[in-house]
Amino acid sequence: MPAERAGYSVTMFLVDLSPSMGATRTVEQAPGPDGESRNVEMSNLEWALQFVKLKIQEMIYNGRKTDQCGVIVFGSEGTDNIINEKHGGYEHVSEYIPICTPSAKTLAELDKLKPSETAGDAIDGLIVGIETQDNYLQRKPTWTRKIVIVTDGASPLEIEDWEATVKRMSILAVSLTIVGVDFDDDELPYHEEDKPAIKRANESFYAQLVSALPNNLGLMGTLEHALLSLTSPSIKETKSALASNTLRLGDVEARKDEALEISVKVAKCTNLARAGGWKRFFGTPIKGADEDDEDDKGKVVFRELKRHTEYVIDSAQIEGDGDSKRVASADFDEDEEQEGKGDRRVEKVEKEQLVLGYKYGSTYVPCPDGHFPKLQTQQGIDICGFFPKKNFNRSYPLSEVYYVFADPTSAPDQIAFSSVVQAMFEKGFLAIARMVRTDGSEPKMGVLSPTVWPKVDLFLWVQLPFADDIRHYTFPSLTTLTSRTGERITKHPYLPTEEQLEAMGQFIDDMDLSDAGEKDEKGDRQPWFDPRLSYNPAIHRTKQALFHAAYFEPPKRVLKRAKQSLETCKEVFKVKEVPKKAPRARKDGHVCAADEDEDMILLDRKSPAKKRPYALKPTPSPAGPSQVPKKRNASDSETESESEGEGSPLSKAIPRGSPGLPTPTASPGPELNPQRAPGRIIGNTFPLKDFRTNLSRGDVVTKAVEDMGTVIREIVERPFAWRRKDEMIECLRVLRDTCLKEDEVDAWNDILKGLKNDCSAETGNKAFWSELKKLGRSISLISSSEAEELGGISQVSESAAEAFMQR
């Protein structure tokens with residue numbers, strides 16, 4: 001069936017309540033926790049209502065107000081429908097649930113349905129459903145109309161003039177789905193034995209009815225197959241609105257004769273499916289319930305928790321901060337607010353009195369207009385350049401995929417557009433394009449990929465990140481460790497042994513799912529999971545959990561097979577349970593969660609930076625006292641939270657045309673950790689400053705020289721060492737001069753030799769050594785002639801010192 005517009009539809013469920021629907025049956029359920037089979041006894045009506053409830057649950061899950069439904073029952077004891085009220089007839093057909101947006105109450109009403117003692121006519125129910133739906137949609141002619149009949153087909157039908165009903169459905173474009181209890185199905189496969197003659201005749205008529213509907217509007221199937229299809233994940237195709245745009249190549253303003261401008265249409269190719277949001281409910285006892293009535297005793301009504309926001313000024317904080325004010329937005333529960341009203345010292349502020357502000361560091365930037373000036377952009381897709389397809393990085397795409405094709409109403413645009421697509425396709429090139437959906441909207445950079453289909457040429461466009469959005473990170477090796485003196489470590493508790501590698505390899509092999517499935521006809525194990533049939537568990541499992549509280553469990557065969565290898569891994573790796581660390585208490589009453597990387601595995605650990613001071617000194621302003629608090633909120637930290645990009649209301653309204661809020665002075669910088677390793681007097685943060693400070697003491701020169709050499713070698717070998725290149729060269733100059741004057745000649749020569757070996761290694765910093773080679777003799781080894789001038793001794797000749805930097 002063609003893709004349909006999401007929502008904007010009315011589905012009428014016609015449910016059979018005839019006596020035959022009360023027959024009981026055994027329905028197979030999902031296996032139990034230990035794999036045991038489970039069955040349950042239920043009536044045909046209860047089984048059929050599972051299908052109706054699953055369809056309605058899907059509507060509730062999607063949360064569209066325009067996705068509506070109604071329920072009509074036929075075979076009811078009474079009669080209540082619009083045709084009977086106007087013209088009479090159509091007995092035992094009732095409008096059970098009027099057309100509306102479904103909710104949990106709708107599902108509760110369906111559970112109340114019971115089989116009756118009167119046979120119902122499905123054709124009467126169909127006609128009533130058509131007219132009820134048409135009466136509701138008189139002013140909504142574009143909405144989609146659906147009718148679903150759920151029956152066992154065991155009751156007599158009045159089939160005279162059924163062709164007129166089909167004609168009426170064709171005019172109104174009503175789609176009909178008939179779901180039958182124990183209907184024959186070749187795909188399942190299922191064929192009921194000893195089927196009554198009346199049911200066999202009704203099945204034939206239903207097949208004739210759905211086949212008579214045009215444009216594939218009719219569909220019939222058995223209930224068991226329908227339930228299986230509903231409980232399985234499915235991809236829903238929806239229509240995408242076509243948006244007009246303009247594809248430009250070249251400068252259409254300055255060089256119009258050399259540029260190309262083509263009218264195009266843009267539509268979504270894929271649409272990201274997201275998991276539904278969770279809602280919170282609370283239960284309250286039913287008011288007025290009879291305590292003597294056992295049925296009502298203990299019953300509760302669940303209502304969705306609604307949140308409302310109030311803006312308040314904390315009086316206690318104002319007293320502590322002087323004239324500084326900060327408005328806090330908080331969510332209140334009405335009962336809790338009344339209980340704690342006497343203890344709270346807050347002043348409510350109306351939202352209209354507030355000014356929107358955005359957090360920037362530890363301050364707020366006011367935005368009285370609600371938004372900052374936007375970039376003036378013009379609608380269009382501008383091609384900025386071309387590059388080979390082989391150079392495209394598959395990790396860069398950010399968005400969903402869009403179709404871009406020529407305007408179907410313009411032949412010249414189609415020819416020009418096809419020429420561009422064909423040329424790029426033949427050359428194997430992609431285009432970098434800047435897309436602006438509408439005038440004034442944000443520009444987005446993306447890539448256009450030429451696509452040639454049998455009857456159409458088009459582009460596929462996907463958004464790419466800007467250069468500032470890409471971060472390149474370098475991480476220390478997991479298989480190689482270096483000591484603090486720069487030596488390679490081959491044996492260490494953090495490096496796996498051969499025995500550990502073998503144990504882990506066996507455990508991974510035992511967890512293989514490629515042969516954990518059922519056996520085929522030849523007796524070979526099949527894969528337990530086929531990636532081609534995979535679905536997003538965040539959507540499918542969340543939906544199941546919302547409706548059925550289902551949980552995912554790995555196959556028991558794999559767990560049993562991997563149990564022994566898992567125990568071996570625990571024994572070899574000496575795995576022990578680590579007790580949780582007690583959280584550190586803060587002065588403001590909050591607690592800090594322990595950092596996940598508090599205990600670094602590799603020898604590349606840095607001490608955590610100290611927290612930024614809370615004090616903030618505002619500058620005077622004619623607008624009045626500063627609006628910026630002297631203390632930050634307890635929730636503030638050096639790492640901004642995800643919600644800090646959102647606007648936050650400030651405490652005092654700014655009248656139009658009045659001076660803006662005062663701009664606070666910059667916060668004092670944090671006191672950096674010198675990062676001195678245990679036993680060292682030179683730190684990694686300010687090595688040159690520490691070195692000069694220790695030299696001034698006069699009695700730790702040898703220790704200072706030794707630590708300085710070790711620190712330089714460590715920093716040079718770390719990631720992003722190029723950022724401190726000039727600093728390290730200056731450190732080497734000062735260190736060489738000190739070693740020459742303080743008779744530490746051998747120490748300098750050893751440090752420089754070790755640094756050269758580090759840089760020349762396979763994973764060394766060769767670029768840094770290349771910079772040192774440019775300095776030549778001035779940074780090389782200290783020769784014997786240099787040392788003798790200051791009363792020192794060196795074993796290195798002048799020629800050897802000159803050749804050292806060039807080798």
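Most of helix α4 is tucked away: 12 of its 15 residues are buried, meaning under 20% relative accessible area, with exposed set at over 50% and partly exposed in between (1.4 Å probe, protein chains only). The model is predicted, so local features need pLDDT of at least 70 and side-chain atom pairs count only at pLDDT 80 or more, while totals for chains, interfaces and linings use all residues. Residues are numbered from 1 along each chain as its sequence is written, and side-chain values use heavy atoms, with hydrogens and water left out.

Among the buried residues of α4 are Ala122, Ile123, Asp124, Leu126 and Gln133. Helices here are DSSP runs (H or I, at least four residues), numbered from the N terminus. The end C-alpha atoms of α4 (residues 122-136) sit 21 Å apart, in agreement with the 21 Å that 15 residues should span at 1.5 Å a residue; the expected span is 1.5 Å times one less than the number of residues. Where the helix starts, a side-chain oxygen of Asp121 comes to within 2.9 Å of the backbone nitrogen of Ile123.

Further along, Ser783 sits in the loop between α18 (766-775) and α19 (784-789). Ser783 counts as buried because its relative accessibility is 0%. Leaving aside neighbours within four places in sequence, Ser783 is in contact (heavy atoms within 4.5 Å) with Arg777, Ser794, Val796, Ser797, Glu798 and Ala801.

As for Met504, this residue belongs to helix α11 (residues 498-510). Met504 is partly exposed, at a relative accessible area of 32%.

Key. Helix = DSSP H or I, 4+ residues; strand = E, 2+ residues; numbered from the N terminus. Polar contact = N/O pair within 3.5 Å; in protein donor to acceptor, adjacent residues only side chain to side chain.
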